[in-house]
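Dear colleague,

The findings follow after it, and I would be grateful if you read them with the structure open.

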Amino acid sequence: MWVKSRGKEHVSPRFISRKWTLFLCLGSFCAGMFFANRMWAVPEFEEMITTAGEDEGLKLVSDDCNKENPKGVKLLSEDIFGEVSKTHRAIQTLDKTISNLEMELAAAKATQESILSGSPVSDDTEKTDSSKTRKYFMVIGINTAFSSRQRRDSIRATWMPQGEKRKKLEEEKGVIIRFVIGHGATMGGILDRAIEAEDKTHGDFLRLDHVEGYLELSAKTKTYFATAVKLWNAEYYFKVDDDVHVNIGTLGEILARHRKKPLVYIGCMKSGPVLSQRGVRYHEPEHWKFGDSGNKYFRHATGQIYGISKDLATYILLHQHVLHKYANEDVSLGSWFIGLDVHHIDDRRLCCGTPPDCEWKAQAGNICVASFDWTCSGICNSIARMREVHQRCHEDDNVLWNATAF
């Protein structure tokens, strides 16, 4: 404030001008910012120094260790990974063992439930009760019909051992062979009685709780595998048509190479067209499930002969009531394994042609497992030609009886 005194103007000492006030405020603000930055910078700088010192210390220690044992770190890493790998393999083996035990327990429960419920049981049940702990190598089920007596006789006269030889095959090689058939629409009728009489003569049938019929082949296939795995504890289960020639020893040698693999599905894999036209052979009523017209099926084994390992047969046994059946039984079987971690083994020796094809291959040392004609889905006129095919394409007897792989 300005005042007058004795004619002179002067400034009162109690007041500061506005300019000085603004200058002091600005200066105080800048000083505060300067000191605040210093307060935060010091700890950060000290922390950086400490961290750098620790890193240098670790580096020195590491250098000292490397000087004494340059490969120490590498050896330690290899040891760790080695132990981890061993542990992983042990866990896998344990998981597989537990899985097998669970499936065997479930199969035993299913068999017990079947007996308690009064379901029909094959005569083979009583024969094998005393040897259920016996481990067999493979079961070969020959799919047959009531009208196929002559076909069965042609097989009995060629590649299927009879009498004592068949018993020897079961006891020494662990190979079970049976003709597989269900019953007629009227149980105990003339058709069933004819099979019972034939079975009394040869003792080579596996009777199923199944009504025979061409349109019921998928159901029969499912019932066969479920029944076979309950009766015999085998490594493999095969289905063969009754107009196909088979070399048992060569089949056993091939299977022995795959016995360490889980979930084996073996045959001649194909992917045929899905036939939507009504009235044609192999018509697929549910063709729409496989996409638009002209699509093909997924890969599956051709129906003349195929096999699966015990774990897959047990899978069919446990889930048979929910496994879907398509019109073609080979397609049905393949569909049951979609989504499972299955080893699909495509071996063309399971689908050789009849002579001269199988004969040339045998002369070259590449013996066929199965021989048939694609045009007939089996050996054309097999009743008359089975003996000829056997004579020209069969394996040496020593392949079977001297085999040590199974």
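**Findings on helices and aromatic rings**

Helix α8 (residues 248-256) is largely enclosed by the rest of the structure, because eight of its nine residues are buried. The buried residues of α8 are Ile 248, Gly 249, Thr 250, Leu 251, Gly 252, Ile 254, Leu 255 and Ala 256. Please keep in mind that this is a predicted model.

Helix α7 (residues 217-231) may be considered next. Its 15 residues reach 21 Å from the first C-alpha to the last, close to the 21 Å expected at 1.5 Å a residue. Since 13 of the 15 residues of α7 are buried, this helix too is largely enclosed by the rest of the structure.

How does α7 pack against helix α9 (residues 310-319), and at what angle? The two helices pack at about 115 degrees, with their axes 8 Å apart. Angles of 65 to 115 degrees count as roughly perpendicular, and α7 is therefore roughly perpendicular to α9. The crossing in which α7 passes α9 is left-handed.

The aromatic side chains form a second topic. A pair of aromatic rings is described by the distance of the centres and the angle of the planes. The structure holds eleven aromatic pairs. One of them joins Phe 137 and Phe 406, which are stacked, at 5.0 Å centre to centre and with 25 degrees between the planes. This pair links distant parts of the chain: Phe 137 belongs to strand β3 (residues 135-143), Phe 406 lies in the segment after α13 (397-401), and the two are 269 residues apart. Buried means under 20% relative accessible area. Phe 137 therefore counts as buried at 3% relative accessibility, and Phe 406 is likewise buried, with a relative accessible area of 12%.

A further pair is formed by Phe 179 and Phe 205, whose ring centres are 6.0 Å apart; their planes stand at 45 degrees, so the pair is tilted. Here, too, distant parts of the chain are linked, with Phe 179 in strand β4 (residues 175-183) and Phe 205 in strand β5 (residues 205-211), 26 residues apart. Both Phe 179 and Phe 205 are buried.

Elsewhere, Phe 290, Tyr 297, Phe 298 and Tyr 326 form one aromatic cluster.

Which rings have a charged side chain over them? The charged end of Arg 134 sits over the ring of Tyr 136, 4.6 Å from its centre. Lys 168 lies over the face of Trp 401, at 4.9 Å from the ring centre.

With kind regards

Methods:
Residues are numbered from 1 along each chain as its sequence is written. This is a predicted model: local features need pLDDT of at least 70, side-chain atom pairs count only at pLDDT 80 or more; totals for chains, interfaces and linings use all residues. Side-chain values use heavy atoms; hydrogens and water are left out. Buried means under 20% relative accessible area, exposed over 50%, partly exposed in between (1.4 Å probe, protein chains only). Helices (H or I, at least four residues) and strands (E, at least two) are DSSP runs, numbered from the N terminus. Rings of Phe, Tyr and Trp (its six-membered ring) pair if their centres lie within 6.5 Å; planes under 30 degrees apart count as stacked, over 60 as edge-to-face and the rest as tilted. A charge sits over a ring if NZ of Lys or CZ of Arg is within 6 Å of the ring centre and within 35 degrees of the ring normal. The expected span of a helix is 1.5 Å times one less than its number of residues. Axes are lines fitted to C-alpha atoms, for helices over the stretch in contact, and angles run from 0 to 180 degrees between N-to-C directions. Angles under 35 degrees count as roughly parallel, over 145 as roughly antiparallel, 65 to 115 as roughly perpendicular and the rest as oblique. A crossing is left-handed if the near helix is turned anticlockwise from the far one by less than a right angle, and right-handed if clockwise.
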